[in-house]
Amino acid sequence: MAITLRALAFAVLSVAMMAPVVTPQQVRLSIDVSKTGATIDRHLFGQFAEHLGHGIYEGIWVGPDSTIPNTRGIRNDVVAALKELKVPDVRWPGGCFADEYHWRNGIGPHRAVTLNSNWGGVIEPNTFGTHEFMDFLDQIGSEAYVSVNVGSGSAHEAADWLEYMTASQPTTLAKERAANGHPEPYKVAYLGIGNETWDCGGNMTPEYYLDLLKVYSRFVHNFNPAQQKQDPMLRIAVGPGGAETRWTDWTETIMKAYQHHTWSWDLNGLSLHAYTVGHWPPAFTSVGFGENEYAQFLKSTLDMNDLITRHSAIMDKYDPEKKVALVVDEWGSWYAPYPGSNPGFLVQQNSLRDAILAAMNLNIFARHADRVRMANIAQMINVLQAMIMTDKEKMVLTPTYYVYKMYVPFQDSTFVPISFDAGTYTHGDTSLPRVDAIAAKDKAGKLWLAIINIDPNRTVEIEASLTGFTPKSAKGSTLTAPNVDSVNTLDAPNTVIPKPIPSKIKTGELAITLEPKSLTVLSVEQ
Ligand code: AHR
């Protein structure tokens with residue numbers, strides 16, 4: 001018997017040594033529902049679709065003669081998936097592509113065939129142009145954010161494009177639009193005046209760009225009668241691309257001028273581009289990585305918060321009423337090109353790490369919702385941190401897609417303050433907060449929580465106390481997967497998908513256990 005007990009003790013000890021017992025962490029959230037903050041604008045969940053790789057061609061556009069089921073050339077499967085996300089706006093046609101785009105190439109029965117010099121030097125057939133973009137928006141139920149060409153175009157060309165799209169009176173351009181199949185004016189909700197004009201958009205100084213911005217703002221009109229008094233088109237200027245002095249100078253220059261702007265020009269948004277890259281050129285891989293790369297990459301995505309804080313502070317100096325929005329219209333993960341892909345096509349896989357990264361950034365935007373009122377993840381399909389990947393007639397929804405789906409209830413909700421001690425997750429030399437959370441109230445009075453457990457090794461037991469809200473029931477879902485680099489593929493599309501998660505209400509408090517490396521979204525009703 002003694003020998004048996006000793007053997008048993010030894011066996012238990014060996015198992016314990018092989019798999020260290022990891023105790024769950026406890027985190028207490030205090031949610032004050034009696035105090036509300038800014039509206040979490042639905043446009044924080046906007047997207048970006050550039051003529052780049054298979055983002056447009058194959059991703060959205062297959063042409064009316066394709067065997068892939070489509071409506072007027074636009075893939076039905078992709079449209080159905082995107083409708084679920086309630087995409088508020090789509091930024092198009094670029095990106096760097098926008099500053100070489102000439103809109104006339106993309107209208108009418110005879111399209112000019114050009115080259116895409118920015119992205120692989122491939123043929124640009126221009127079969128997806130203004131009308132096809134607007135049709136795509138109609139099909140998914142979204143709004144247009146059109147980026148006009150400042151780098152190699154002119155204010156005249158952009159003004160003509162806007163007149164073509166928006167004039168209701170029988171001008172020559174409006175009649176041409178009607179002849180091309182759309183008598184009614186289009187709605188253009190947002191106008192982007194250039195793209196990265198400090199780099200691919202023309203290597204301009206802030207002063208030079210500022211002069212052009214004033215000219216474009218003055219002469220590029222939206223004539224749509226429905227957008228005159230209500231719902232006016234908002235103009236978005238090129239803003240910073242980082243935190244260094246040249247970027248703070250850029251924001252200073254534009255915002256200082258805005259402070260004293262006259263009737264003849266205006267500005268409603270300043271763009272910020274900020275990718276999570278780790279270091280440039282992109283060297284982190286999107287597949288086959290371990291905890292080191294998981295921790296390092298997510299740590300670097302937290303720079304978004306510093307960047308927004310820094311540029312918001314400059315904007316506050318010149319625009320204390322926060323009339324000008326900070327528009328993060330390019331963001332997301334950017335990895336080394338996927339092995340075997342065309343490096344100019346920016347193809348990468350999308351893993352559980354990207355889902356966590358997306359949620360961390362959406363939470364950052366929500367916390368800055370008073371100034372950050374629009375954001376566009378790069379990019380919608382087949383490019384960078386995509387929602388959807390296609391392969392001929394097949395498509396797969398990425399982990400990032402599911403994050404956007406889980407966050408739909410946060411669109412136009414009201415921010416609710418939440419305080420907690422996040423704890424720390426440390427791996428090697430890298431430390432970051434273990435937990436992140438936001439809360440918001442929707443128009444029906446439901447409370448929504450988005451809670452991330454970044455730690456890939458420990459579960460977290462959450463207890464949430466609520467002030468000004470008596471919880472009666474809660475339900476939600478959680479997104480996790482076996483590994484930090486788990487992905488969805490055409491053969492295994494359901495590896496990273498949300499699943500229902502149990503929660504308890506006990507003596508007025510909400511209790512929930514978060515799995516390691518997970519995002520949980522819960523609705524709470526009183
Ligand atoms: O999203 C890819 C590219 O990144 C965009 O075209 C450009 O604006 C940015 O540098």
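A salt bridge here is a side-chain nitrogen of Lys or Arg within 4 Å of a carboxyl oxygen of Asp or Glu. The model is predicted, so local features need pLDDT of at least 70 and side-chain atom pairs count only at pLDDT 80 or more, while totals for chains, interfaces and linings use all residues. Residues are numbered from 1 along each chain as its sequence is written, and side-chain values use heavy atoms, with hydrogens and water left out.

**View A. Arginine 371 and aspartate 319 meet in a salt bridge.** The N to O distance between their side chains is 2.8 Å. The pair links distant parts of the chain, 52 residues apart. Arginine 371 sits in the loop between helix 10 (352-367) and strand 14 (372-378). Aspartate 319 sits in the loop between helix 9 (303-318) and strand 13 (325-333). Helices (H or I, at least four residues) and strands (E, at least two) are DSSP runs, numbered from the N terminus. Both arginine 371 and aspartate 319 are buried. Buried means under 20% relative accessible area, exposed over 50%, and partly exposed in between (1.4 Å probe, protein chains only). Salt bridges with shared partners join Asp316, Asp319, Lys322, Asp370 and Arg371 into one network.

**View B. Arginine 72 forms a salt bridge with aspartate 135.** The side chains meet at 2.7 Å, N to O. Arginine 72 belongs to the loop between strand 4 (70-71) and strand 5 (74-75), and aspartate 135 to helix 3 (residues 130-140). The two are 63 residues apart, and the pair links distant parts of the chain. Arginine 72 is exposed, at 53% relative accessible area. Aspartate 135 is buried, at 14%.

**View C. Lysine 405 and glutamate 84 form a salt bridge.** Their closest N and O atoms are 3.2 Å apart. Lysine 405 lies in helix 11 (residues 399-406) and glutamate 84 in the loop between helix 2 (76-83) and strand 6 (89-92), so the pair ties together parts 321 residues apart in sequence. Lysine 405 is partly exposed, with 35% relative accessibility. Glutamate 84 is also partly exposed, with a value of 43%. By the rule above, the salt bridge count comes to 22.

**View D. Strand 15 and strand 16 form a hairpin.** Strand 15 (residues 388-391) and strand 16 (residues 394-397) run antiparallel. Four bridges join them; two strands pair if DSSP finds at least two bridges between them. Isoleucine 388 has leucine 397 in strand 16 as its bridge partner. Two residues lie between the strands. In the turn, lysine 392 has a positive phi of about 50 degrees.
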